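Please look through the sequence and the 3D structure shown below before reading on. The report that follows takes up strands, helices, the contact of the chains and the predictor's confidence, in that order.

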Amino acid sequence: MGIEVRRVTKTFGVYKALDDVNLTIESGELVSLLGPSGSGKTTLLRIIAGLEVPDDRRHSQILFDGVDVARQAIGQRRVGFVFQHYALFRHLTVFENVAFGLRVRPSATRPRPALINDKVRELLRLIQLEGFSNRYPAQLSGGQRQRVALARALAIEPQVLLLDEPFGALDAKVRQGLRAWLRRLHEELRMTSVLVTHDQEEALEVSDRVVIMNHSKVEQVGTPEDIFHQPKSEFVMDFLGQVNVFHARVEHGRAVLDNVRFDVPELAGSAMDQATLYARPHELEIERARNGAPAIAARVLRINPAGAVAKVALRRAAGGELQVDLPFERFQELALRTGEEVFVALRRVRVFAPEYVI
Amino acid sequence: MATAAASQSTMIDTARRLAARDSAGLRRGAIAVTVAFLSLFLILPLGVLFYEAFAGGLKLYCQSVFNRSTGHALELTLLAAAIAVPANLLFGIAAAWAVAKFEFKGKSLLTALIDLPFAVSPVIAGLIFVLVFGRTGWFGDWLDDQDVEIIFAVPGIVLATIFVTFPYIARELIPLMQEQGTEEEQAALALGANGWQTFWRVTLPNIKWSLLYGVLLCNARAMGEFGAVSVVSGHIQDKTNTLPLHIELLYASNTAAAFAVATLLALLAVVTLAAKTALEWKMRQQARRSAVPITIP
């Protein structure tokens with residue numbers, strides 16, 4: 001089922017949590033809402049669910065397959081909601097937790113007990129907790145509890161699955177496993193799903209598309225590949241990973257950094273005389289000698305070779321630190337040592353439309 | 001040097017032994033003081049109570065306990081409790097629900113108001129009701145016209161009992177409900193439960209033991225209340241005398257009978273205590289069930 005959020009604003013007292021947000025989620029998609037805390041992502045999820053009501057404004061709508069549900073209560077929307085802290089019913093067993101949504105149905109639509117039994121067993125099989133039906137939530141690990149919460153949400157055959165930082169309270173190893181499991185589950189069920197997270201790695205790994213939020217607005221929407229490689233703003237670039245920042249002069253459409261000229265396509269024909277350049281650590285290259293390509297002088301400060309890439313921190317001759325990630329083979333070939341003078345070439349830099357400061 | 005070190009270590013050992021002996025002594029002392037205090041102020045008076053009650057023989061005891069006036073007083077006490085406890089049960093759940101699960105203006109004022117009966121002397125509480133509902137009070141004339149008696153009648157006793165006991169259940173529930181938060185209720189609503197189902201299937205089971213505990217305390221207080229009830233009752237024998245008031249009345253004329261009737265209230269206290277202990281055990285057991293994670297092979 002497709003979801004459309006149209007012109008939604010939400011204020012809490014004087015604080016604007018969402019500011020005129022528009023968003024379209026296609027049927028069967030898994031979309032992540034990613035942003036720092038306070039960016040409005042959880043509020044947006046809770047509004048889609050019906051746990052919050054958007055401000056009463058003209059044209060503000062939440063459409064489920066074209067039907068406006070903005071004023072519908074949560075129970076009518078048939079959404080599966082998974083809470084960060086599980087919110088399992090502590091006095092009920094795993095089995096009864098999963099069965100809850102079926103047992104509270106009005107008698108006309110409530111399945112027969114035998115049917116409820118089958119359905120719950122099937123869901124417990126899906127979450128790989130078949131032998132746990134008589135346990136209480138407190139007798140499960142965090143990862144198991146979150147799986148029960150997911151099964152409980154799926155039991156009502158929801159139209160949409162909404163997950164509020166579902167792995168936020170778990171440790172890194174469990175989180176990794178559950179993330180992959182969730183992706184496989186999504187491939188199997190193909191249910192429209194919205195996942196809130198502040199972990200960019202999680203968002204990039206599991207989602208079909210990622211919605212980056214900042215300051216109560218949507219910053220960028222795109223596939224993980226898109227937003228990582230084509231960030232539209234400084235914020236997105238910065239939020240999705242480490243970034244090196246250079247302040248350069250602009251002369252005749254070229255950037256000048258430490259008296260070295262760089263071709264930057266975005267600057268050609270621009271009237272700017274100052275520009276901020278951004279480059280990710282893996283977009284920089286270290287050379288022992290100038291080889292004709294434009295490069296700036298720097299000194300090796302620290303090396304961390306533990307990992308898939310070697311992380312090298314350098315101090316620019318002109319001042320300021322740089323981060324460079326080198327493929328391990330390249331790092332071995334260079335045989336860098338701390339204190340060495342080297343040159344850093346910028347293979348790819350980005351320039352974002354400037355924010356004028358007067 | 002070696003001797004110095006040795007003597008130092010002996011000193012430390014001695015200090016440790018002394019400390020151990022001190023703390024053992026301290027423990028024994030503390031227990032002794034507590035036991036002496038309890039014996040003097042609780043067990044001894046209770047013993048005296050039962051001794052005096054039976055001093056005149058079993059026949060006199062039975063005469064004092066099984067007579068019309070005592071029966072009526074017991075009936076009235078049970079009636080007042082039977083109305084006050086359910087009323088405060090409803091009020092307590094509503095108040096705790098409002099305070100613990102919602103944010104609204106004046107919440108701290110409401111919380112303070114719930115505590116009012118703890119702060120106000122029961123006598124003042126009784127006087128307030130006399131001033132409001134008494135013959136010369138605010139609603140006195142109107143009530144007279146309607147031919148409704150509140151003060152010096154059963155309704156006044158019930159009102160005073162409700163007033164004095166209303167914080168007990170709310171106070172027991174508020175901290176627990178605050179700690180539990182609202183996420184389980186939200187989850188129930190998301191799963192399609194209506195408000196009533198959410199309350200019966202999620203909220204109530206989560207608070208049931210604390211609720212029972214509150215009911216127990218409320219009941220004990222309702223049956224034992226003296227001050228407020230004394231002001232509004234008028235002490236009319238066989239009409240507006242509750243057990244505590246009846247005991248006081250008897251004490252002026254027939255001490256042995258007063259002690260005999262007092263044993264009824266004391267027995268009530270013992271039953272309450274036993275029920276309270278059983279409940280606490282049950283609550284601990286439940287806490288243990290939800291606290292100990294079972295390791296999964």
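Two strands are said to pair if DSSP finds at least two bridges between them, and the elements themselves are DSSP runs numbered from the N terminus, a helix being a run of H or I of at least four residues and a strand a run of E of at least two. This is a predicted model, in which local features need pLDDT of at least 70 and side-chain atom pairs count only at pLDDT 80 or more, while totals for chains, interfaces and linings use all residues. Residues are numbered from 1 along each chain as its sequence is written, and chains are lettered from A and ligands numbered from 1 in the order in which they are written.

**Strands of chain A**

Chain A has an open sheet of five strands in the order 15-19-16-17-18, with antiparallel pairing. Its edge strands, each of which pairs on one side only, are strand 15 (284-287) and strand 18 (321-327) of chain A. From one strand to the next the twist averages 45°.

| Strand pair | Bridges | One pair of partners |
|---|---|---|
| Strand 11 (residues 244-251) and strand 14 (residues 274-279) of chain A | six bridges | Asn244(A) and Ala279(A) |
| Strand 11 and strand 12 (residues 254-257) of chain A | three bridges | Val250(A) and Ala255(A) |

Strand 11 of chain A and strand 12 of chain A form a hairpin with two residues between the strands, and in this hairpin His252(A) takes a positive phi near 50°.

**Helix pairs**

Axes are lines fitted to C-alpha atoms, for helices over the stretch in contact, and angles run from 0 to 180 degrees between N-to-C directions. In chain A, helix 4 (residues 113-126) and helix 5 (residues 142-155) pack at an angle of about 140° with their axes 10 Å apart. Angles under 35 degrees count as roughly parallel, over 145 as roughly antiparallel, 65 to 115 as roughly perpendicular and the rest as oblique, and helix 4 and helix 5 of chain A are therefore oblique to each other. Residues of this contact, in which C-beta atoms placed from the backbone lie within 7 Å, include Leu123(A) of helix 4 of chain A and Leu154(A) of helix 5 of chain A. They divide into seven nonpolar, no polar and one charged, where Ala, Val, Leu, Ile, Met, Phe, Trp, Tyr, Cys and Pro count as nonpolar, Asp, Glu, Lys and Arg as charged, and the others, Gly among them, as polar.

In chain B, the axes of helix 8 (residues 154-165) and helix 11 (residues 195-224) come within 9 Å and cross at roughly 135°, and these two helices of chain B are therefore oblique as well. Here Thr161(B), Val164(B) and Thr165(B) of helix 8 of chain B meet Cys218(B), Arg221(B) and Ala222(B) of helix 11 of chain B.

**Contact of the chains and confidence**

Between the chains, 21 residues of chain A are in contact with 20 residues of chain B. On the side of chain A that touches chain B, helix 2 (74-77), strand 6 (79-82) and helix 3 (94-103) of chain A each supply at least two residues. The residues of that side divide into 13 nonpolar, five polar and three charged.

The predictor gives the complex an ipTM of 0.83 and a pTM of 0.78. Its confidence in each residue is the pLDDT, from 0 to 100; for chain B the mean is 85, and 93% of the residues reach 70 or more. Over residues 292-297 of chain B, however, pLDDT stays under 50.

Notes
Two residues are in contact if their C-beta atoms, placed from the backbone, lie within 7 Å. pLDDT is the predictor's confidence in each residue, from 0 to 100.
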